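Please look over the sequence and the three-dimensional model shown here before reading on. The report that follows takes up local backbone features and the packing of helices.

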Amino acid sequence: MGYYDSVDFDNTDFRKEPHKYKVGRGEQGVLMVEPYKGEILPNWRFKTPDIAQESADTIYQQYCDYKKNDDFVGMDMARKFLQMGYTRARRYANYPGGKKYDKNGDLNERDIDQTKAKSAKIFEEKWITVREDEEYLKMKKAHQKKYG
């Protein structure tokens, strides 16, 4: 039984029970961990570069607020949403409608959308800022050492 099978995500408040949170790979669990999903998701948008900039700035501010409160889980969740902003905008930049595969399972041809590519770059810059933050890295290591 893996971590995602063993935790009752529907009934767990990870702010109150941070010991139940596992960092995971990449964006793993980004849409499962409350109350952070509910706090960050409404700010997550990338349709245009202006919208992406406002979104990335807002989520980065949330990251800073979590950091100020020594809330590593919130920090990591903000990092995941920034990373997801990059990966999803990149997917839409590469493939019309964000569909990498057609209905037969064959790879669609790439058609670069420069607007979405700019949105992806905005999220990528904030994501890099977070993932290279010395305090974030120190807190991540401590969390993993303490809770696995």
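A residue counts as exposed when its relative accessible area is over 50%, and as buried when that value is under 20%. The model is predicted, and in it Asp70 has a relative accessible area of 58%, so this residue is exposed. Asp70 belongs to the loop between H3 and H4, and its phi is near 55°, a positive value in a residue other than glycine. Most residues other than glycine have a negative phi, and most peptide bonds are trans.

| Backbone feature | Angle |
|---|---|
| Asp70 | phi near 55° |

Helix H3 (residues 49-68) and helix H5 (residues 114-131) have axes that come within 8 Å and cross at roughly 15°. Since angles under 35 degrees count as roughly parallel, H3 and H5 are therefore roughly parallel to each other. Their crossing is right-handed. Residues that make the contact include Pro49, Ile59 and Tyr63 of H3, together with Lys118, Phe123 and Val130 of H5. The residues of the contact of H3 with H5 comprise nine nonpolar, five polar and three charged.

Notes
Residues are numbered from 1 along each chain as its sequence is written. This is a predicted model: local features need pLDDT of at least 70, side-chain atom pairs count only at pLDDT 80 or more; totals for chains, interfaces and linings use all residues. Side-chain values use heavy atoms; hydrogens and water are left out. Axes are lines fitted to C-alpha atoms, for helices over the stretch in contact, and angles run from 0 to 180 degrees between N-to-C directions. Helices (H or I, at least four residues) and strands (E, at least two) are DSSP runs, numbered from the N terminus. Angles under 35 degrees count as roughly parallel, over 145 as roughly antiparallel, 65 to 115 as roughly perpendicular and the rest as oblique. A crossing is left-handed if the near helix is turned anticlockwise from the far one by less than a right angle, and right-handed if clockwise. Contact means heavy atoms within 4.5 Å. Ala, Val, Leu, Ile, Met, Phe, Trp, Tyr, Cys and Pro count as nonpolar, Asp, Glu, Lys and Arg as charged, and the others, Gly among them, as polar. Buried means under 20% relative accessible area, exposed over 50%, partly exposed in between (1.4 Å probe, protein chains only).
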